[in-house]
Amino acid sequence: MEGQEHVIYGFLSIIPPLIAILLCIMTRQVIPSLLLGIFSGVLVINNWNPGTAMLDTFSKYIVGKGIADSYNAGLITFCLIIGGMVGVINKSGGMVAIAKGIASKAKGSTSTQFATTMLGTVVFIDDYASCMITGNTMRPITDAENISREKLAFIVDATAAAISSIIPVSTWIATELGLIKTGLESVGIQANPLLVFIDTIPGRFYIVFLFVFIMVGLFMKREYGPMLKAEIRARKTGEVFAKDSKPMISDDKEILPDEGINGTVWHAIVPIFTFIIVTILGLWYNGYETGREFRDCLGNADASVVLTWSSGIGSIVAILMNLCFTKMKFSKIIDSW
């Protein structure tokens, strides 16, 4: 019902996120947990009618308000395309080249942890790639320095999703722009989601404080709680992980380069730089009107359209660079994309 859009549900509003989060923790299955979270919210909206709620969950909220919306469809397309660009960059060895350059500067425990932090920050384009590349590159070095796997995992995690979530050139931005757009519309504010996203970066206090916490603890050489126990164990006994633990080493073949493929840092820098330039110029072009200032042009642009342009052109540049400067076959490049 149209009138229900303005109903205030009070504490019932926390049911969907609470269910989704608890189920994620209990089952470690994200998609089913999110679906049940959506269903629970629709159930509340539909006066606890499970039949109608089930139908509306898929037809109205997943398809109708998600896929069918042109802005959301554009962001989904962008997410797929930039994911392809990231795939090519990873398989070319561009990110690994950056990682090795940073890792080569690590000498001793403190500098090794600092290098891990810097590497996790630099590999910002995708949080999954950041975890895989930073973790796999630094694991042998941190093990040699008797740094616990717990500390390595903390640094890798703290610099992966956190950093990706504030960088406009990452696989996170599509989701964030969609949420920002929905939030703005719900309170009747007309604004460009991309500009709002950029304006919110200075207010991301969790990310700022987390980074400061890592750096202060690193240079003061202080640890706390269970992390302190883990570091004492690793330094005194050489056991980088506890005897009763079960290290989760996943298959990283999908994102790391194949044997014999030795890309340079330029295989990562050039496509990313292209993406940034095309995004800026594309926003100006898409929102341009005579007499309008540059920032106003950016604010008037359709970010979902422009991001598909920039990610598409960035993908083409990444593909061409691999065709011209690596031994990757065209079919393998397309598979990577």
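A residue is called buried when its relative accessible area is under 20%, exposed when it is over 50%, and partly exposed in between (1.4 Å probe, protein chains only). The structure is a predicted model, in which local features need pLDDT of at least 70 and side-chain atom pairs count only at pLDDT 80 or more, while totals for chains, interfaces and linings use all residues. Residues are numbered from 1 along each chain as its sequence is written, and side-chain values use heavy atoms, with hydrogens and water left out.

The overall picture comes first. The protein contains 17 helices and zero strands; here helices (H or I, at least four residues) and strands (E, at least two) are DSSP runs, numbered from the N terminus. Along the principal axes, the C-alpha atoms fill a box of roughly 65 × 50 × 40 Å. Of the 337 residues, 43% count as buried. The accessible surface comes to about 18800 Å², and 68% of that area belongs to carbon and sulfur atoms; such areas come from the Shrake-Rupley method with a 1.4 Å probe, and for residues only the protein chains shown count as cover. Contact means heavy atoms within 4.5 Å. Among contacts between residues at least 6 apart in sequence, 70% join residues at least 24 apart.

What lies inside? A nonpolar core is a set of buried Ala, Val, Leu, Ile, Met, Phe, Trp, Tyr and Cys residues joined through side-chain atoms within 4.5 Å. The largest such core has 39 residues, and Met95 and Leu177 have the most contacts inside it. Helix H4 (residues 70-92) gives the most to this core, with seven residues. Once neighbours within four places in sequence are left aside, leucine 177 touches Tyr71, Leu75, Pro193, Leu194, Phe197, Ala303 and Leu307.

Glycine 263 is 169 residues away from glycine 94 in sequence, yet their C-alpha atoms are 5.1 Å apart in space. Beyond the neighbours within four places in sequence, glycine 94 is in contact with Ile89, Thr264, Val265, His267 and Ala268.

Charged side chains come next. Side chains of opposite charge can pair when their charged atoms come close. A salt bridge is a side-chain nitrogen of Lys or Arg within 4 Å of a carboxyl oxygen of Asp or Glu, and by this rule there are seven salt bridges. One of them joins glutamate 223 and lysine 151, at 2.5 Å from N to O. This pair links distant parts of the chain, 72 residues apart: glutamate 223 sits in the loop between helix H12 (205-220) and helix H13 (225-237), and lysine 151 in helix H8 (residues 149-158). Both glutamate 223 and lysine 151 are buried. Glutamate 176 and arginine 204 form another salt bridge, at 3.1 Å from N to O. Glutamate 176 lies in helix H10 (residues 173-186) and arginine 204 in the loop between helix H11 (193-200) and H12, so this pair ties together parts that are 28 residues apart in sequence. Glutamate 176 and arginine 204 are both buried. The glutamate 239 of the opening example also has a partner, lysine 243, with an N to O distance of 3.5 Å. Lysine 243 is exposed, because its relative accessible area is 74%.

Rings of Phe, Tyr and Trp (its six-membered ring) pair if their centres lie within 6.5 Å; planes under 30 degrees apart count as stacked, over 60 as edge-to-face and the rest as tilted. Phenylalanine 205 and phenylalanine 209 have ring centres 6.1 Å apart and planes at 20°, so the pair is stacked. These two phenylalanines are separated by about one helical turn, because they are four residues apart in helix H12. Both phenylalanine 205 and phenylalanine 209 are exposed. Tryptophan 284 and tyrosine 288 form a tilted pair, because their ring centres are 5.3 Å apart and their planes are at 55°. Ring pairs also link Phe154, Phe213 and Tyr224 into a cluster.
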